[in-house]
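Which charged side chains pair up in this chain, and where do they sit? The report below takes the salt bridges one by one.

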Amino acid sequence: AKVLMVGAGGIGCELLKTLALSGFSDIHVIDLDTIEVSNLNRQFLFRKSHVGQSKAHVARDAILKFRPNINIESHHANVKDAQFNVDFFKQFNVVLNGLDNLDARRHVNRLCLAAEVPLVESGTTGFLGQVTVHVKGKTECYECQPKPIPKSYPVCTITSTPSKFVHCIVWAKELLFAKLFGDKNQDNDLNVHSKDGSSSKLDVFERDVDEDLDQYAQRIYDHVFGYNIEVALENEETWKNRRRPNPVYIRDTLPEAVKQNGSSWDCSNDHEEPSAMASLGLTNPQEIWTLAENSRVLLEAFKLFFEKREKVCMC
C-alpha cells in the first residue's frame with residue numbers, strides 16, 4: 001500500500017514508526033512545522049540538536065536509520081498548498097491524519113472524499129485519544145458531526161507558523177509574558193535561539209546587573225522581533241509558499257529611543273495605576289496604531305511593569 005501521512009508531530013512520530021516496523025515501504029509525509037523544544041518530551045524521533053529543523057525531514061531521516069530500505073518522501077509544506085491537489089491524493093491507498101488544527105483536517109477530509117481515498121483521522125484532547133475511519137459512501141465524513149473549537153494552540157504553530165491573530169495573542173501571553181515576568185526556571189520555547197551575537201549569556205532574557213530598564217527592554221525587543229525572525233528565515237523551505245516576515249529592530253523603528261534613557265513613569269505615587277497609553281498621551285483605545293506607536297507602547301508597558309513590581313517588592 002502507498003500511504004500518505006499528514007502531520008509528523010506527536011501522533012505522526014508514532015504513526016511513522018509503526019508503519020515502518022509493520023512492513024509499509026512506500027510512505028509520504030507532509031508537515032509544515034519546525035521542531036520546538038517543547039516537542040521533545042513526546043515526539044521521540046527528534047532530539048535537541050534538531051530544534052528549528054523541519055519535522056517531516058527529520059522524522060524521515062530518523063526512520064531510515066533503522067529501516068534504510070523503505071521509501072519515505074518528506075514534504076516540508078502546508079497540506080493546503082496547491083501541489084497537494086485531488087490528483088496527488090488519488091495516488092495513495094490510504095491517508096492517515098495526525099494534525100493539530102481543524103482547518104487542515106477539514107481540508108484533508110474534502111480532498112479524500114473527492115479522490116475517493118479512505119481517511120484514518122486521529123487526534124488528542126488532553127489525555128484522551130480518538131481514531132475514526134472515513135470511507136466515501138460507507139461511513140460518515142469527518143465534517144458530518146460538529147467539532148468543538150479548540151481552546152489551546154500548539155506551540156510549534158504559534159512560534160513558527162502563526163496564521164491567525166489569536167496565535168499572536170497566545171504567543172505574547174503564554175510565551176513572552178511568561179518568560180519575562182513568570183517563573184525564571186520554567187522551560188520556554190523563546191529560549192531556542194537565545195544565544196546571538198549581542199550577548200554571551202545562554203539566556204538572553206536574563207537582565208544584567210548594570211543594565212537599566214531602557215537598555216533591557218530594547219535588547220529584548222531586538223532579540224524577539226529581530227534576531228529570532230532572522231533565524232526563522234534561514235529555513236528557506238518554510239517560506240516557499242508563505243509570506244516572509246520582516247525582522248524589526250528598535251534602531252529602525254524608534255531610532256530616538258536608542259538615544260534616550262530613564263523611565264517616563266513616576267513610581268512615587270502609591271495610588272496611581274501605571275498605564276502605558278496614559279504615559280504616552282494616547283487617549284483613544286480604538287485607534288489603529290502604527291508600528292512605531294505599537295513599539296512605544298510595548299517598551300513603556302515593559303518598563304512600567306518592572307518598576308511597579310520592584311516597588312511592590314521593596315514594600
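## Salt bridges overall

A salt bridge here is a side-chain nitrogen of Lys or Arg within 4 Å of a carboxyl oxygen of Asp or Glu. The model is predicted. A search of the whole structure finds 12 such salt bridges. Side chains of opposite charge can pair when their charged atoms come close.

## Arginine 105 and glutamate 121

Arginine 105 pairs with glutamate 121. Their closest N and O atoms are 2.8 Å apart.

Arginine 105 has 13% relative accessibility, so it counts as buried. Glutamate 121 is also buried, with a relative accessible area of 3%.

## Lysine 164 and aspartate 103

Lysine 164 forms a salt bridge with aspartate 103. The closest N and O atoms are 3.5 Å apart. This pair links distant parts of the chain, 61 residues apart. Lysine 164 sits in the loop between helix H5 (155–160) and helix H6 (165–181). Aspartate 103 is in helix H4.

Lysine 164 is at 42%, so it counts as partly exposed. Aspartate 103, at 34%, counts as partly exposed too.

## Lysine 136 and glutamate 116

Lysine 136 forms a salt bridge with glutamate 116. Here the closest N and O atoms are 3.8 Å apart. The partners are 20 residues apart and link distant parts of the chain. Lysine 136 is in the loop between strand E6 (128–134) and H5. Glutamate 116 is in the loop between helix H4 (102–115) and strand E5 (119–125).

Lysine 136 has 48% relative accessibility, so it counts as partly exposed. Exposed means over 50%. Glutamate 116 is at 59%, so it counts as exposed. The backbone of glutamate 116 deserves a look as well. Its phi is positive, about 55 degrees, although glutamate 116 is not a glycine.

Which residues do salt bridges with shared partners join into one network? They are Asp103, Arg106, Arg110, Glu143 and Lys164.

Technical notes:
Residues are numbered from 1 along each chain as its sequence is written. This is a predicted model: local features need pLDDT of at least 70, side-chain atom pairs count only at pLDDT 80 or more; totals for chains, interfaces and linings use all residues. Side-chain values use heavy atoms; hydrogens and water are left out. Helices (H or I, at least four residues) and strands (E, at least two) are DSSP runs, numbered from the N terminus. Buried means under 20% relative accessible area, exposed over 50%, partly exposed in between (1.4 Å probe, protein chains only).
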